[in-house]
Amino acid sequence: MGLSCEDVRELLPLYAGGEAAENERVAAEAHLALCAGCARELDHYREMRANLASVREEDPPSGTWKAITEGACARLFPRGARRAIALFDEALRFAAVLAVGLAVGVGAHVAARPDAPATAVVRTLPGGGATVTAAPVDHPSFHLNPEPPTRYYAPRVNLDGSYYLPRVEAMPVTGERDF
Amino acid sequence: MNALLILATGLGAAQTKEPTPLERIEREVTAVIEKVRPSVVQVTASFGIDPNLPAQSLTFSGVVYTRDGYVVTDAGGVDRAVEVRVKKGDRSFAARLVASDRKSGVAVLKVEAADLSPAALSDRPARPGGFAIAVGNAYGAAGSASFGTVNGVDRAVVVGGRTFDDMIQLTTPVQPGDCGGLVADASGRMVGLVHSISSGEGRGLSLLEFFGKDARDLQPTTPVSFATPAAAVKFAADRIIKHQKMVRGRLGVTARPLDETARAQLGLEHGAEIVRVEPDSPARRARLATRDILLEFDGQPVRDLAALQRKVAEVERPTAVKLAILRNGERREVEVEIDIDPQR
């Protein structure tokens with residue numbers, strides 16, 4: 001039983017590219033020898049492949065794309081609308097550039113701004129003389145970590161100087177003595 | 001049966017573990033602390049700055065000096081106090097400030113008590129490397145003890161704008177409230193009175209400074225503590241107890257030793273250069289001036305300024321002394337009357 005025309009048309013891309021299996025090639029050739037319609041189809045396919053191959057090998061002539069665009073616009077839009085569309089395209093392009101620039105500038109400003117001061121909780125210990133301050137402390141994180149820095153509260157005891165121990169201001173080594 | 005008991009005891013004794021050197025040291029240190037702790041008291045000085053507010057107060061330490069109630073402490077803590085109290089265990093005493101010695105920073109208090117435990121003072125000066133066990137009242141915790149060693153001796157420190165000479169430098173950690181506490185050596189004798197602490201902030205050259213970082217961002221270095229030597233405490237306390245005020249001789253100069261270059265240029269083997277003359281002092285009245293070279297004091301060559309300082313301090317009443325000085329290359333004899341330091 002030979003292949004139908006529909007079967008052969010499905011095989012044409014493989015057959016034309018030399019990639020069909022042996023049995024498929026034999027069956028397709030047997031059908032093409034007897035079917036003029038499929039033979040013409042094969043010729044058209046081979047011509048299109050050849051044309052496509054030549055298009056990839058070199059750039060189109062100068063002005064090709066402009067001609068295509070203008071031709072398409074002329075067929076799709078009336079004359080007045082074409083100018084409006086062109087202006088709108090320019091405006092859209094400008095707005096896009098402006099939006100990107102603003103986004104970059106705002107982002108850089110936010111990144112450089114210091115963190116808002118953290119609020120601390122202060123309470124006085126019974127008996128006075130000392131206060132405990134719980135202030136948020138930024139936990140350092142690896143700079144590539146996309147997660148925001150972890151903050152934890154570290155209690156710190158602050159003494160108000162009720163317990164006496166003076167601090168040395170200097171240690172002179174001049175050997176001077178007064179008497 | 002008796003033989004078996006004797007054998008078992010012998011075997012047990014043989015297996016008893018000998019204390020390690022570290023255990024022996026620990027035992028000795030704790031024994032010293034237990035020995036000196038009864039001599040350390042808590043001192044609270046109140047300052048009535050604003051009559052509408054509760055009195056501000058400072059809490060620190062003191063050392064019992066005599067059994068009948070004389071206590072030595074830091075002069076800075078009681079300066080201008082309106083009330084001073086001394087606490088020992090659950091007993092609290094009203095204390096009277098007898099006098100202070102501005103030169104050594106030692107103050108003597110008197111409490112009405114008859115059975116206190118005075119500290120035993122060492123008759124040998126502290127030496128670098130020696131043990132220094134401090135007992136005080138860190139943050140009000142009575143009898144707080146810490147252990148360290150003597151870093152150095154004969155240090156000069158400036159505290160509150162005043163210079164204190166011959167201070168003992170310690171590695172012993174001290175905390176607020178320890179000022180006036182006792183520093184003991186390995187034998188449990190007092191070698192010093194806790195005086196002050198360095199700030200502990202390192203300001204060495206650092207890359208951080210190039211990047212404009214504040215020095216406070218730097219990690220602080222380990223603080224160093226200082227103590228008034230026992231000899232200075234004894235001198236001040238004995239004088240104050242005897243006279244009920246501080247009696248210390250005064251010449252009224254600040255002098256520094258001549259360095260080797262200066263001695264070579266001047267052709268001298270000894271001497272000290274006067275760098276400052278106190279106004280209204282024996283030195284000013286004797287017309288001594290800066291840049292005068294002190295050659296002899298009371299017929300003795302000036303070789304050791306520390307010894308000269310002690311000699312002047314020991315004067316108990318106005319005393320005339322002959323000095324030999326070098327002024328503009330010319331030797332002169334000057335008579336000066338050592339007076340008593342007015343303790344300003």
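A residue counts as exposed here when its relative accessible area is over 50%, and as buried when that area is under 20%. Keep those two cut-offs at hand for this walk through a predicted model.

**Stop 1: Asp154(B)**

Select Asp154(B), which sits in strand E8 of chain B. Its relative accessibility is 54%, so Asp154(B) counts as exposed. Look at the backbone too: phi of Asp154(B) is near 60°, a positive value in a residue that is not glycine.

**Stop 2: Arg287(B)**

Next, pick Arg287(B), in the loop that joins helix H7 (282-285) to strand E16 (293-297) of chain B. Here as well phi is positive in a residue other than glycine, with a value near 65°. Is Arg287(B) buried or exposed? With a relative accessible area of 67%, Arg287(B) is exposed.

**Stop 3: chain A on its own**

Now hide chain B for a moment and colour chain A by secondary structure. Follow chain A from the N terminus and the order of elements is α-α-α-α-α-β-β-β-β. Of the 179 residues in chain A, 13% are buried. Among contacts in chain A with a separation of 6 or more, 40% join residues 24 or more positions apart.

**Stop 4: where the chains meet**

Bring chain B back and select the residues in contact between the two chains. Chain B supplies 50 residues and chain A supplies 19 residues. On the chain B side, Tyr139(B), Val158(B) and Ile197(B) lose the most area to chain A, together 17% of what that side buries. Between them the two chains bury about 2,800 Å², and 61% of this lies on carbon and sulfur atoms.

How many salt bridges cross the interface of chain B and chain A? There are 4 salt bridges. To view a salt bridge in detail, show the side chains of Asp166(B) and Arg177(A), which meet at 2.6 Å, N to O. Polar contacts link 18 residue pairs between chain B and chain A, counting pairs with both residues at pLDDT 80 or more.

Several elements of chain B give two or more residues to the side that touches chain A, including strand E2 (56-64), strand E8 (144-159), strand E11 (190-197) and helix H8 (305-313). By residue type, that side of chain B divides into 23 nonpolar, 18 polar and 9 charged.

**Stop 5: a strand pair across the chains**

Select strand E4 (residues 177-178) of chain A together with E14(B). These strands pair in the antiparallel sense over 2 bridges. Zoom in on Asp178(A), whose bridge partner in E14(B) is Thr254(B).

**Stop 6: Ser198(B)**

Ser198(B) lies in the loop between E11 and helix H4 (207-210) of chain B. Its relative accessibility is 14%, so Ser198(B) counts as buried. Leaving aside residues up to four places away in sequence, Ser198(B) touches Arg167(A) and Val168(A) from chain A, along with Pro223(B), Val224(B) and Phe226(B) from chain B.

**Stop 7**

Finish with E2(B). Why is E2(B) largely enclosed by the rest of the structure? Because 7 of its 9 residues are buried.

On one pairing, strand E1 (residues 40-47) of chain B runs antiparallel to E2(B) over 8 bridges. Select Ala45(B) and you will find Leu58(B) of E2(B) opposite.

E2(B) also pairs with strand E3 (residues 70-74) of chain B, antiparallel over 3 bridges. There, Val63(B) has Val72(B) as its bridge partner in E3(B). In the hairpin of E2(B) and E3(B), with 5 residues between the strands, look for Gly69(B), which takes a positive phi near 115°.

Conventions
Residues numbered from 1 in each chain as written. Chains lettered and ligands numbered in written order. Predicted model: local features only at pLDDT ≥ 70, side-chain atom pairs only at ≥ 80, totals over all residues. Heavy atoms only, no water. Contact = heavy atoms within 4.5 Å. Buried area = accessible area lost by both parts, 1.4 Å probe. Polar contact = N/O pair within 3.5 Å; in protein donor to acceptor, adjacent residues only side chain to side chain. Helix = DSSP H or I, 4+ residues; strand = E, 2+ residues; numbered from the N terminus. Nonpolar A, V, L, I, M, F, W, Y, C, P; charged D, E, K, R; others polar. Pairing = 2+ DSSP bridges. Buried < 20%, exposed > 50% of the residue type's maximum accessible area, 1.4 Å probe, protein only.
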